[in-house]
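Work through the exercises below with the sequence and the 3D structure in view. Each task is followed by its solution.

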Amino acid sequence: MGYGRTEADAVVLSANKTERCINNQVLVKLQIQVQPEKGRNFVTEISETMPVADIHTVIAGTKLKVRYNPLNTNDLLLVKH
């Protein structure tokens with residue numbers, strides 16, 4: 001049974017680099033506030049890998065696009081352009 005993902009704006013509340021590397025990329029834990037077009041804002045955490053050179057671009061206040069499962073808001077992906 002499939003479900004649709006909803007796209008929304010989000011704002012990074014905090015970004016913490018971990019000591020883990022995956023495929024030469026650093027694992028970063030992000031706490032984000034998702035601002036859906038309909039419904040209430042919600043806060044969740046995700047882990048994302050990124051090149052070391054890009055870590056400084058994701059700081060508190062950074063705006064992102066995400067896609068999430070409205071039935072499980074912890075099921076969330078960053079939209080990469």
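Two strands pair if DSSP finds at least two bridges between them; strands are DSSP runs (E, at least two residues), numbered from the N terminus. The model is predicted: local features need pLDDT of at least 70, side-chain atom pairs count only at pLDDT 80 or more, and totals for chains, interfaces and linings use all residues. Residues are numbered from 1 along each chain as its sequence is written, and side-chain values use heavy atoms, with hydrogens and water left out.

**Exercise 1.** Trace the pairing of β1, β2 and β3.

Solution. Start with β1 and strand β2 (residues 25-35), which run antiparallel and are joined by ten bridges. Here Lys17 is opposite Val28 in β2. Two residues lie between the strands of this hairpin, and Asn23 has a positive phi near 50°. Next, β2 and β3 run antiparallel with nine bridges; Val26 has Met50 in β3 as its bridge partner. Six residues separate the strands of that hairpin, where Gly39 takes a positive phi near 95°.

**Exercise 2.** Find the order of the five strands in the sheet.

Solution. Strand β1 (residues 6-22) also pairs with strand β4 (residues 63-69), antiparallel and over six bridges. In this pairing Glu7 faces Arg67 in β4. The open sheet therefore reads β3-β2-β1-β4-β5, with antiparallel pairing. Its edge strands, β3 (42-50) and β5 (72-78), each pair on one side only.

**Exercise 3.** Classify the aromatic pair.

Solution. Rings of Phe, Tyr and Trp (its six-membered ring) pair if their centres lie within 6.5 Å; planes under 30 degrees apart count as stacked, over 60 as edge-to-face and the rest as tilted. The centres of Phe42 and Tyr68 are 5.2 Å apart and the planes stand at 70°, so the pair is edge-to-face. Phe42 is in strand β3 and Tyr68 in strand β4, so the pair ties together parts 26 residues apart in sequence.

Definitions and conventions:
Helix = DSSP H or I, 4+ residues; strand = E, 2+ residues; numbered from the N terminus.
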